[in-house]
Number of protein chains: 2
Amino acid sequence: MENKDIFIKKLRSSGLRPTRQRIEICKVLYDRKKTFHFTINDLSKILKKKSNEKISLATIYNTVCAFKNRNYLKEISINSSKSYFDTNVSNHHHFFNESTDELIDLKNEDVGNIKLKKKIPGKKIKSVEVLVKIQDNN
Amino acid sequence: MENKDIFIKKLRSSGLRPTRQRIEICKVLYDRKKTFHFTINDLSKILKKKSNEKISLATIYNTVCAFKNRNYLKEISINSSKSYFDTNVSNHHHFFNESTDELIDLKNEDVGNIKLKKKIPGKKIKSVEVLVKIQDNN
DNA sequence: ACACTACTTTAGAATCATTATAAAGTAGGT
DNA sequence: ACCTACTTTATAATGATTCTAAAGTAGTGT
């Protein structure tokens, strides 16, 4: 597991102690080729299956929140019932498939440049996000 | 109250019986010049103050949900903790002020046209929404 | 290796928004 | 006035998330 060392560095570099649990979570999140979109519930289920460690829900919440704060994860709010997270923290947009509750990345180029013509004095822009909701043609 | 008749028509035309409670809610939502952004909690507080009727939370949820389904209200999800609603149901976008948890309308012209270059076969687009998060310059 | 301290994990309780339930009330047609 | 279907309501239930306080662990200094 050479990735493990990468995870340890990643954690350490941002002031998080590399604990067993955090490394297990890193493996699930970052030991993959493609972007991963998930809810806390998804992540919890995967950890139960793939990891020998029992990791409590509280730890999963704490860690995901820490990762979000360190910009290792991007949070996306689609509806009020739950939050989605994205391992792709680059600037990008999303499709949300309402038929399957699935999130799909949209590259920045896919959306084109967004030129905001309105500014609000005394405020700075933190993010500009486009969410395209789609449904099955039935 | 001539507006009351308008509310009654509005309700009736969409299959909702004009009850005392729904009319009180209509008054708060639509008896105003400007667009109104609110959470269920906001609405509940205003109703407690402005209306003589006691309206239960359940009714507020039911009615707001009915209005949303009839396209009398637009729902906006900013974060997982609660839903925002907008009496402006036209196609438009939003600023969300993270310093004050306040929602501000962005006209379509303010954002410019969004040209989606990616399509997903077999899916139809339900909505395209831009959310611009802002914060106070501190 | 040992001890110390601050950071972590954990189970479980607490909280908050939202939804469901089932009984009592009401609108609109007859 | 009467009926029936739709509404409201208080309350309980649910589900996501956060809090708590005790037990465990990492990293530092010895």
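**Figure 1. Helices α3 (residues 40-50) and α4 of chain A cross at roughly 120 degrees, their axes coming within 10 Å.** α3(A) and α4(A) are therefore oblique to each other (roughly parallel is under 35 degrees, roughly antiparallel over 145, roughly perpendicular 65 to 115, oblique the rest). From α3(A), Ile40(A), Leu43(A), Ser44(A) and Leu47(A) make the contact, and α4(A) supplies Leu57(A), Ile60(A), Tyr61(A) and Val64(A) (contact: heavy atoms within 4.5 Å). Axes are lines fitted to C-alpha atoms, for helices over the stretch in contact, with angles of 0 to 180 degrees between N-to-C directions. The model is predicted: local features need pLDDT of at least 70 and side-chain atom pairs pLDDT 80 or more, while totals for chains, interfaces and linings use all residues. Residues are numbered from 1 along each chain as written, chains are lettered from A and ligands numbered from 1 in written order, and side-chain values use heavy atoms, without hydrogens and water.

**Figure 2. Chain A has five helices and six strands.** Helices (H or I, at least four residues) and strands (E, at least two) are DSSP runs numbered from the N terminus. The order of the elements in chain A, starting at the N terminus, is α-α-β-α-α-β-β-β-β-α-β. Along the principal axes, the C-alpha atoms of chain A fill a box of roughly 50 × 45 × 25 Å.

**Figure 3. Tyr30(A) and Phe67(A) form a tilted aromatic pair.** Over all chains, a search of the whole structure finds ten aromatic pairs (ring centres within 6.5 Å; planes under 30 degrees apart are stacked, over 60 edge-to-face, the rest tilted). In the pair of Tyr30(A) with Phe67(A), the distance is 6.2 Å centre to centre and the planes stand at 50 degrees. Tyr30(A) belongs to helix α2 (residues 20-30) of chain A and Phe67(A) to helix α4 (residues 57-69) of chain A, so the pair ties together parts that are 37 residues apart in sequence.

**Figure 4. In chain B, helix α3 (residues 40-50) packs against helix α4 (residues 57-69).** The angle between these helices of chain B is about 120 degrees, and their axes are 10 Å apart. That angle makes α3(B) oblique to α4(B). On the α3(B) side the contact has Ile40(B), Leu43(B), Ser44(B) and Leu47(B). These residues meet Leu57(B), Ile60(B), Tyr61(B) and Val64(B) of α4(B).

**Figure 5. Helix α2 (residues 20-30) of chain B crosses α3(B) at roughly 110 degrees.** The axes of α2(B) and α3(B) come within 10 Å. At this angle α2(B) is roughly perpendicular to α3(B). Glu24(B), Ile25(B), Val28(B) and Leu29(B) in α2(B) face a set from α3(B) that they meet: Leu43(B), Ile46(B) and Leu47(B).

**Figure 6. An open sheet of six strands has the order β5(A)-β4(A)-β6(A)-β6(B)-β4(B)-β5(B).** The pairing in this sheet is mixed (strands pair if DSSP finds at least two bridges between them). At the edges are β5 (102-106) of chain A and β5 (102-106) of chain B, each pairing on one side only. On average, neighbouring strands of the sheet are turned by 25 degrees against each other, direction ignored.

**Figure 7. Strands β6(A) and β6(B) are joined by 13 bridges.** β6(A) and β6(B) run antiparallel. One of the bridges pairs Asp136(A) with Lys123(B) in β6(B). Within chain A, strand β4 (residues 93-97) runs parallel to strand β6 (residues 123-136), and four bridges join them. There, Phe96(A) has Lys133(A) of β6(A) as its bridge partner. In chain B, strand β4 (residues 93-97) is likewise joined to strand β6 (residues 123-136) by four bridges, and these strands run parallel. Asn97(B) stands opposite Ile134(B) of β6(B).

**Figure 8. Chain B holds an open sheet of three strands in the order β1-β3-β2.** The pairing is antiparallel. β1 (37-38) and β2 (74-79) of chain B are at the edges with a single partner strand each, so one side of each is left without a neighbour in the sheet. Two bridges link β1(B) with strand β3 (residues 82-86) of chain B, and the two strands run antiparallel. His37(B) is placed opposite Asp86(B) of β3(B).

Technical notes
Rings of Phe, Tyr and Trp (its six-membered ring) pair if their centres lie within 6.5 Å; planes under 30 degrees apart count as stacked, over 60 as edge-to-face and the rest as tilted.
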